[in-house]
Amino acid sequence: WSCEHVQDWKDVFWAECERFLVIIFSYRTPIFAVPPKLNPFHSSILSLNVGDRASITCSVIKGDIPLTITWRKDGRPIDPTQRMSVTQVDQYNSILLIENLSADHTGNYSCVVRNTAAETEGHQSLLVNVPPNIEPFSFQDGLAEGMRTRTVCGVSKGDPPLTLKWLKDGDPLLSTLLGANVSTLDQYSSLLNIPSLSAAHSGDYTCVASNPAAEVKFTASLQSNTSNANWLEMVLGWNLWQRVCLENFGQ
């Protein structure tokens, strides 16, 4: 006969528990990491003008490190050729900076943050307003009283909403007094029509185009000359007046 010691099951259980706890606490980072959470952006759409400076800050207010923060535009990684810069302030904050905005900076920007637990995104839409540009216009030469003329003020570029108006010699055009008609062709064009010219129509006509980005102006001069018929009437009238004077006063 031989006597063999049989270990009690309780001893085995506590030994396994102790080994499991040692394994858990030997790790420096917890097994279950906290996913990142972003501070919401101030507005869904950031509206700025060409030439302005844009700054978008991505802040992680919750989540275990290590954290990775990257930026995307319209779903693609930021390209250095797009004239943007990214500054990593610390492990929780990143700033996207655009020094001089242009039309091609309009788009949807995303801040992407990830850690071992999850990946999350914050979105900011940027709208860059383009100022209007007026196509040069003019009035034809040789205009005289009684003739008709027209010209069109057209905006070749610039974001809506656009406002178009006319000035004469720096003051608002009073079509009711001058007999000039202003009509809108479309949201980018305005027609100035003068059906019967007179001396009062001579002057500088300015088209003013404005949108949220800027107000621009273009001016063209109109010269309404006295017609040949009027000149003839004046000459004949002068001759008649001279004859009357000679016959009655001997002068």
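Analyst: Let's begin with a definition: a disulfide is a pair of cysteine sulfur atoms within 2.5 Å. By this rule the count comes to two disulfides, and with bonded cysteines counted along the chain their pattern is 1-2, 3-4. This is a predicted model, where local features need pLDDT of at least 70, side-chain atom pairs count only at pLDDT 80 or more, and totals for chains, interfaces and linings use all residues. Residues are numbered from 1 along each chain as its sequence is written, and side-chain values use heavy atoms, with hydrogens and water left out.

User: How do you know that a disulfide joins C58 to C111?
Analyst: The S to S distance for C58 and C111 is 1.8 Å, and the cut-off is within 2.5 Å, so the pair counts as a disulfide.

User: What makes the disulfide of C58 and C111 left-handed?
Analyst: The torsion about the S-S bond of C58 and C111 is about -70 degrees, so this disulfide is left-handed.

User: And what joins C153 to C207?
Analyst: A disulfide, with S to S at 1.9 Å. The torsion about the S-S bond of C153 and C207 is about -75 degrees, so the disulfide is left-handed.

User: Why is C153 called buried?
Analyst: Buried means under 20% relative accessible area, exposed over 50%, partly exposed in between (1.4 Å probe, protein chains only). C153 has 0% relative accessibility, so C153 counts as buried. C207 is also at 0% relative accessibility and therefore counts as buried.
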